[in-house]
Amino acid sequence: MKSYKGKTVLVTGASSGIGKAFAETLAEKGANLILVARSGDKLKEQASELEKKYSVQVGVIVSDLSEPGSAKKVFQQTQTAGLSVDVLINNAGFGKWGDFLEFDLEAYTSMLSLNINSLVELCHLYLPEMLKKKDGGIINVGSTASFVPVPYAAVYSASKAFVLYFSEALYGEYNDKGVTVMTLCPGGTESNFANVANSEIKVPKEAYESTQDVVNTALPAFLNNESYVISGFKNYMSEILPRFLPRKMVIQLVGNMWKKVTGK
Ligand SMILES: NC(=O)c1ccc[n+]([C@@H]2O[C@H](COP(=O)([O-])OP(=O)(O)OC[C@H]3O[C@@H](n4cnc5c(N)ncnc54)[C@H](OP(=O)(O)O)[C@@H]3O)[C@@H](O)[C@H]2O)c1
(Lines give C-alpha, C1' and ligand atoms only; values in the text may rest on other atoms or scores of the structure.)
Protein backbone atom coordinates (compact mmCIF):
# COMPACT_ATOMS: atom_id res chain seq x y z
CA MET A 1 0.00 0.00 0.00
CA LYS A 2 1.44 3.37 -1.02
CA SER A 3 -0.88 5.79 0.79
CA TYR A 4 -3.98 5.96 2.98
CA LYS A 5 -5.94 8.18 0.59
CA GLY A 6 -9.27 6.62 -0.39
CA LYS A 7 -8.64 3.51 1.75
CA THR A 8 -11.15 2.24 4.29
CA VAL A 9 -9.65 1.94 7.78
CA LEU A 10 -11.37 0.38 10.78
CA VAL A 11 -10.08 1.69 14.11
CA THR A 12 -11.07 0.02 17.38
CA GLY A 13 -10.89 2.14 20.52
CA ALA A 14 -11.34 5.25 18.39
CA SER A 15 -13.18 7.31 21.03
CA SER A 16 -10.09 8.30 23.02
CA GLY A 17 -6.29 8.48 23.15
CA ILE A 18 -4.22 6.77 20.48
CA GLY A 19 -7.26 5.50 18.54
CA LYS A 20 -8.76 8.97 18.37
CA ALA A 21 -5.46 10.36 17.07
CA PHE A 22 -5.32 7.56 14.47
CA ALA A 23 -8.81 8.54 13.30
CA GLU A 24 -8.06 12.26 12.98
CA THR A 25 -4.70 11.74 11.23
CA LEU A 26 -6.07 9.16 8.81
CA ALA A 27 -9.03 11.39 7.95
CA GLU A 28 -6.58 14.20 7.27
CA LYS A 29 -4.75 11.83 4.91
CA GLY A 30 -7.99 11.16 3.02
CA ALA A 31 -8.93 7.75 4.44
CA ASN A 32 -12.56 6.74 5.01
CA LEU A 33 -13.11 5.41 8.50
CA ILE A 34 -15.10 2.97 10.59
CA LEU A 35 -14.83 3.92 14.25
CA VAL A 36 -15.48 1.30 16.93
CA ALA A 37 -15.78 1.68 20.72
CA ARG A 38 -18.41 1.53 23.48
CA SER A 39 -19.00 5.31 23.71
CA GLY A 40 -21.47 5.82 20.88
CA ASP A 41 -22.11 9.52 21.53
CA LYS A 42 -18.43 10.39 21.46
CA LEU A 43 -17.91 8.40 18.26
CA LYS A 44 -20.90 10.01 16.50
CA GLU A 45 -19.73 13.52 17.38
CA GLN A 46 -16.21 12.69 16.24
CA ALA A 47 -17.49 11.14 12.99
CA SER A 48 -19.52 14.19 12.02
CA GLU A 49 -16.61 16.53 12.85
CA LEU A 50 -14.17 14.49 10.74
CA GLU A 51 -16.62 14.24 7.82
CA LYS A 52 -17.11 18.01 7.80
CA LYS A 53 -13.44 18.88 8.26
CA TYR A 54 -11.87 16.42 5.82
CA SER A 55 -14.69 15.45 3.40
CA VAL A 56 -14.27 11.72 4.08
CA GLN A 57 -16.85 9.09 4.99
CA VAL A 58 -16.91 8.02 8.62
CA GLY A 59 -19.10 5.20 9.97
CA VAL A 60 -19.63 4.30 13.62
CA ILE A 61 -20.07 0.89 15.22
CA VAL A 62 -20.86 0.84 18.93
CA SER A 63 -19.48 -2.35 20.42
CA ASP A 64 -18.10 -3.73 23.66
CA LEU A 65 -15.30 -5.84 22.21
CA SER A 66 -14.75 -7.68 25.48
CA GLU A 67 -18.12 -9.38 24.95
CA PRO A 68 -17.97 -12.83 23.29
CA GLY A 69 -19.29 -12.65 19.72
CA SER A 70 -18.79 -8.87 19.45
CA ALA A 71 -15.99 -9.07 16.85
CA LYS A 72 -18.20 -11.17 14.58
CA LYS A 73 -21.05 -8.67 14.95
CA VAL A 74 -18.72 -5.81 13.99
CA PHE A 75 -17.60 -7.77 10.92
CA GLN A 76 -21.20 -8.54 9.94
CA GLN A 77 -22.14 -4.87 10.23
CA THR A 78 -19.34 -3.86 7.86
CA GLN A 79 -20.35 -6.65 5.46
CA THR A 80 -23.99 -5.55 5.52
CA ALA A 81 -22.91 -1.97 4.80
CA GLY A 82 -20.89 -3.26 1.82
CA LEU A 83 -17.62 -1.96 3.26
CA SER A 84 -14.31 -3.57 2.37
CA VAL A 85 -11.73 -2.87 5.07
CA ASP A 86 -8.25 -2.14 3.70
CA VAL A 87 -6.57 -1.51 7.04
CA LEU A 88 -7.64 -2.84 10.44
CA ILE A 89 -6.23 -1.09 13.50
CA ASN A 90 -6.72 -3.23 16.60
CA ASN A 91 -6.11 -0.49 19.13
CA ALA A 92 -8.79 -0.97 21.84
CA GLY A 93 -7.23 -2.28 25.02
CA PHE A 94 -6.74 -1.62 28.69
CA GLY A 95 -4.48 -2.59 31.57
CA LYS A 96 -4.63 -2.78 35.36
CA TRP A 97 -1.77 -1.61 37.59
CA GLY A 98 -1.33 -3.06 41.05
CA ASP A 99 -0.75 -6.39 42.82
CA PHE A 100 -2.00 -9.32 40.77
CA LEU A 101 -4.54 -10.10 43.52
CA GLU A 102 -5.72 -6.50 43.89
CA PHE A 103 -8.22 -6.88 41.04
CA ASP A 104 -10.96 -9.46 40.70
CA LEU A 105 -10.81 -12.16 38.07
CA GLU A 106 -13.56 -10.49 36.01
CA ALA A 107 -11.26 -7.52 35.32
CA TYR A 108 -8.63 -9.89 33.95
CA THR A 109 -10.97 -12.05 31.86
CA SER A 110 -12.42 -8.90 30.36
CA MET A 111 -8.89 -7.59 29.63
CA LEU A 112 -7.84 -10.86 27.98
CA SER A 113 -11.04 -10.98 26.01
CA LEU A 114 -10.47 -7.45 24.64
CA ASN A 115 -6.65 -7.35 24.33
CA ILE A 116 -6.34 -10.87 22.89
CA ASN A 117 -9.55 -12.66 21.87
CA SER A 118 -11.30 -9.93 19.92
CA LEU A 119 -7.98 -8.89 18.34
CA VAL A 120 -7.40 -12.45 17.06
CA GLU A 121 -11.01 -12.73 15.90
CA LEU A 122 -10.94 -9.44 13.98
CA CYS A 123 -7.67 -10.49 12.28
CA HIS A 124 -9.25 -13.82 11.32
CA LEU A 125 -12.37 -12.13 9.94
CA TYR A 126 -10.74 -9.31 7.96
CA LEU A 127 -7.56 -10.97 6.63
CA PRO A 128 -9.20 -13.06 3.86
CA GLU A 129 -10.43 -9.99 2.00
CA MET A 130 -7.03 -8.29 2.29
CA LEU A 131 -5.33 -11.39 0.95
CA LYS A 132 -7.75 -11.49 -1.97
CA LYS A 133 -6.80 -7.88 -2.79
CA LYS A 134 -3.10 -8.55 -2.01
CA ASP A 135 -3.09 -5.16 -0.31
CA GLY A 136 -3.55 -3.43 3.01
CA GLY A 137 -3.13 -5.06 6.36
CA ILE A 138 -3.35 -4.77 10.10
CA ILE A 139 -1.82 -2.63 12.84
CA ASN A 140 -2.07 -4.38 16.19
CA VAL A 141 -1.29 -2.18 19.16
CA GLY A 142 1.13 -3.82 21.56
CA SER A 143 3.27 -1.93 24.04
CA THR A 144 6.83 -1.66 25.31
CA ALA A 145 5.38 -4.10 27.87
CA SER A 146 5.28 -6.63 24.99
CA PHE A 147 9.04 -7.10 25.45
CA VAL A 148 9.41 -7.59 29.20
CA PRO A 149 7.39 -9.14 32.00
CA VAL A 150 6.02 -6.31 34.14
CA PRO A 151 5.44 -7.08 37.83
CA TYR A 152 2.35 -5.11 39.02
CA ALA A 153 0.94 -5.27 35.49
CA ALA A 154 1.34 -9.02 35.02
CA VAL A 155 -1.77 -9.86 33.01
CA TYR A 156 -1.51 -6.72 30.90
CA SER A 157 2.15 -7.24 29.95
CA ALA A 158 1.48 -10.91 29.15
CA SER A 159 -1.46 -9.89 26.94
CA LYS A 160 0.76 -7.46 25.05
CA ALA A 161 3.52 -10.10 24.68
CA PHE A 162 0.82 -12.22 23.03
CA VAL A 163 -0.06 -9.35 20.68
CA LEU A 164 3.57 -8.99 19.58
CA TYR A 165 4.28 -12.71 19.06
CA PHE A 166 0.96 -13.36 17.34
CA SER A 167 1.33 -10.36 15.03
CA GLU A 168 4.96 -11.12 14.15
CA ALA A 169 3.97 -14.68 13.27
CA LEU A 170 1.22 -13.34 10.99
CA TYR A 171 3.74 -10.96 9.44
CA GLY A 172 5.84 -14.05 8.63
CA GLU A 173 2.85 -15.79 7.06
CA TYR A 174 1.44 -12.96 4.95
CA ASN A 175 4.19 -10.49 4.20
CA ASP A 176 5.07 -12.14 0.88
CA LYS A 177 1.36 -12.17 -0.03
CA GLY A 178 1.05 -8.39 -0.17
CA VAL A 179 -0.44 -7.93 3.30
CA THR A 180 1.40 -6.21 6.18
CA VAL A 181 0.75 -7.09 9.82
CA MET A 182 2.57 -4.60 12.01
CA THR A 183 2.75 -4.30 15.80
CA LEU A 184 2.85 -0.78 17.17
CA CYS A 185 4.60 -0.66 20.55
CA PRO A 186 4.12 2.63 22.36
CA GLY A 187 5.53 3.42 25.80
CA GLY A 188 3.81 5.77 28.24
CA THR A 189 1.43 7.93 26.20
CA GLU A 190 -0.91 10.76 27.25
CA SER A 191 -4.40 9.25 27.17
CA ASN A 192 -7.08 7.87 29.47
CA PHE A 193 -5.10 4.62 29.81
CA ALA A 194 -3.57 5.41 33.25
CA ASN A 195 -6.98 6.38 34.71
CA VAL A 196 -8.43 3.06 33.63
CA ALA A 197 -5.33 1.14 34.80
CA ASN A 198 -5.52 2.59 38.30
CA SER A 199 -6.90 6.07 38.95
CA GLU A 200 -5.19 6.19 42.37
CA ILE A 201 -1.71 6.01 40.87
CA LYS A 202 -0.26 9.29 39.70
CA VAL A 203 2.41 8.59 37.09
CA PRO A 204 4.98 11.28 36.25
CA LYS A 205 3.85 12.53 32.86
CA GLU A 206 7.13 14.19 31.72
CA ALA A 207 8.32 11.06 29.98
CA TYR A 208 4.99 10.53 28.23
CA GLU A 209 4.66 10.86 24.47
CA SER A 210 1.71 12.53 22.80
CA THR A 211 -0.81 10.35 20.97
CA GLN A 212 0.08 12.30 17.83
CA ASP A 213 3.77 11.30 18.12
CA VAL A 214 2.74 7.65 18.43
CA VAL A 215 0.51 7.83 15.37
CA ASN A 216 3.13 9.76 13.38
CA THR A 217 5.54 6.89 14.07
CA ALA A 218 3.04 4.17 13.23
CA LEU A 219 1.50 5.29 9.95
CA PRO A 220 4.69 5.67 7.83
CA ALA A 221 6.15 2.48 9.38
CA PHE A 222 3.09 0.53 8.22
CA LEU A 223 3.42 1.88 4.66
CA ASN A 224 7.08 0.90 4.87
CA ASN A 225 6.02 -2.70 5.59
CA GLU A 226 7.68 -2.86 9.03
CA SER A 227 6.92 -5.91 11.20
CA TYR A 228 6.92 -3.80 14.36
CA VAL A 229 7.68 -0.28 15.45
CA ILE A 230 8.43 1.23 18.85
CA SER A 231 7.57 4.87 19.23
CA GLY A 232 10.12 7.08 21.01
CA PHE A 233 13.90 6.67 21.25
CA LYS A 234 13.92 5.98 25.04
CA ASN A 235 11.26 3.33 24.54
CA TYR A 236 13.35 1.78 21.78
CA MET A 237 16.32 1.55 24.16
CA SER A 238 14.13 -0.12 26.78
CA GLU A 239 13.55 -2.92 24.27
CA ILE A 240 17.25 -3.27 23.32
CA LEU A 241 18.85 -3.27 26.78
CA PRO A 242 17.00 -6.26 28.32
CA ARG A 243 18.30 -8.45 25.49
CA PHE A 244 21.75 -8.33 27.10
CA LEU A 245 20.69 -8.95 30.71
CA PRO A 246 19.75 -12.16 32.55
CA ARG A 247 15.94 -12.50 32.66
CA LYS A 248 15.94 -12.58 36.47
CA MET A 249 17.70 -9.21 36.52
CA VAL A 250 15.18 -7.78 34.04
CA ILE A 251 12.29 -8.88 36.27
CA GLN A 252 13.97 -7.23 39.25
CA LEU A 253 14.73 -3.99 37.43
CA VAL A 254 11.27 -3.64 35.92
CA GLY A 255 9.67 -4.76 39.19
CA ASN A 256 11.56 -2.11 41.20
CA MET A 257 10.56 0.56 38.75
CA TRP A 258 6.88 -0.44 38.89
CA LYS A 259 7.00 -0.81 42.68
CA LYS A 260 7.90 2.87 42.78
CA VAL A 261 5.24 3.85 40.22
CA THR A 262 2.48 1.95 42.02
CA GLY A 263 3.71 2.89 45.52
CA LYS A 264 3.88 -0.80 46.53
N1 LIG B 1 -1.34 5.09 26.93
C2 LIG B 1 -0.30 4.32 27.14
O3 LIG B 1 0.58 4.65 27.97
C4 LIG B 1 -0.13 3.05 26.33
C5 LIG B 1 1.14 2.46 26.29
C6 LIG B 1 1.31 1.30 25.55
C7 LIG B 1 0.24 0.74 24.87
N8 LIG B 1 -0.98 1.33 24.94
C9 LIG B 1 -2.09 0.68 24.22
O10 LIG B 1 -2.69 1.62 23.35
C11 LIG B 1 -4.03 1.23 23.10
C12 LIG B 1 -4.93 2.45 23.22
O13 LIG B 1 -4.90 2.93 24.55
P14 LIG B 1 -4.93 4.48 24.93
O15 LIG B 1 -3.67 4.79 25.60
O16 LIG B 1 -5.36 5.29 23.79
O17 LIG B 1 -6.05 4.43 26.09
P18 LIG B 1 -7.50 5.10 26.21
O19 LIG B 1 -7.40 6.59 26.04
O20 LIG B 1 -8.04 4.57 27.49
O21 LIG B 1 -8.30 4.51 24.97
C22 LIG B 1 -8.77 3.18 24.95
C23 LIG B 1 -9.79 3.02 23.85
O24 LIG B 1 -10.26 1.67 23.85
C25 LIG B 1 -11.68 1.66 23.93
N26 LIG B 1 -12.15 0.51 24.68
C27 LIG B 1 -11.85 0.18 25.95
N28 LIG B 1 -12.51 -0.92 26.31
C29 LIG B 1 -13.25 -1.30 25.23
C30 LIG B 1 -14.16 -2.36 24.98
N31 LIG B 1 -14.45 -3.27 25.92
N32 LIG B 1 -14.72 -2.44 23.76
C33 LIG B 1 -14.45 -1.53 22.79
N34 LIG B 1 -13.61 -0.51 22.97
C35 LIG B 1 -13.01 -0.40 24.18
C36 LIG B 1 -12.04 2.97 24.64
O37 LIG B 1 -13.33 3.45 24.26
P38 LIG B 1 -14.68 3.23 25.08
O39 LIG B 1 -14.36 3.45 26.52
O40 LIG B 1 -15.57 4.24 24.46
O41 LIG B 1 -15.11 1.86 24.76
C42 LIG B 1 -11.00 3.92 24.05
O43 LIG B 1 -11.44 4.42 22.81
C44 LIG B 1 -4.35 0.10 24.09
O45 LIG B 1 -4.29 -1.13 23.42
C46 LIG B 1 -3.23 0.20 25.11
O47 LIG B 1 -2.94 -1.03 25.70
C48 LIG B 1 -1.19 2.48 25.65
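Where is Ser55 found? Select it and see: Ser55 sits in the loop between helix 2 and strand 3. Here helices (H or I, at least four residues) and strands (E, at least two) are DSSP runs, numbered from the N terminus.

Two notes before moving on. The model is predicted: local features need pLDDT of at least 70, side-chain atom pairs count only at pLDDT 80 or more, and totals for chains, interfaces and linings use all residues. Residue numbers start from 1 along each chain, as its sequence is written.

**Stop 1: Ser55**

Stay on Ser55. Its phi is near 50 degrees, a positive value in a residue other than glycine. Is Ser55 buried or exposed? Ser55 counts as exposed because it has 9 C-beta neighbours inside 10 Å. The scale works like this: a residue is buried if 20 or more other C-beta atoms lie within 10 Å of its own, exposed if 12 or fewer, and partly exposed in between, with C-beta atoms placed from the backbone.

**Stop 2: strand 1**

Select residues 8-12. This is strand 1, and five of its five residues are buried. Thr8, Leu10 and Thr12 point one way. Val9 and Val11 point the other way. In a regular strand the side chains alternate between the two faces of the sheet.

Strand 2 (residues 32-37) runs parallel to strand 1, joined by five bridges. Strand 4 (residues 87-90) is also parallel to strand 1, with three bridges. Two strands pair if DSSP finds at least two bridges between them. Click on Leu10: opposite it stand Ile34 in strand 2 and Leu88 in strand 4.

**Stop 3: the crossovers**

Show residues 17-28, which form helix 1. Strand 1, helix 1 and strand 2 make a right-handed β-α-β unit. Right-handed means that, with the strands pointing away from the viewer, the path from the first strand over the helix to the second runs clockwise.

Strand 3 covers residues 58-62 and pairs with strand 2 in the parallel sense, over five bridges.

**Stop 4**

Pick Leu33. Its bridge partner in strand 3 is Val58. Leaving out residues up to four places away in sequence, Leu33 touches Val9, Val11, Ala23, Leu26, Ala27, Leu50, Val56 and Val58. Contact means C-beta atoms, placed from the backbone, within 7 Å.

Leu33 also belongs to the largest nonpolar core, which has 67 residues. Such a core is a set of buried Ala, Val, Leu, Ile, Met, Phe, Trp, Tyr and Cys residues joined through C-beta atoms within 7 Å. Val11, Leu33 and Leu35 have the most contacts inside it. Helix 4 (residues 105-133) gives the largest share of this core, eight residues.

**Stop 5: Leu88**

Jump to strand 4 and select Leu88. Why is Leu88 buried? Leu88 is buried because 25 other C-beta atoms lie within 10 Å. Beyond its neighbours within four places in sequence, Leu88 is in contact with Leu10, Leu122, Tyr126 and Ile138.

**Stop 6: the ligand shell**

Which helix gives the most to the shell around the ligand? Helix 1 does, with three residues.

Technical notes: Contact = placed C-beta atoms within 7 Å.
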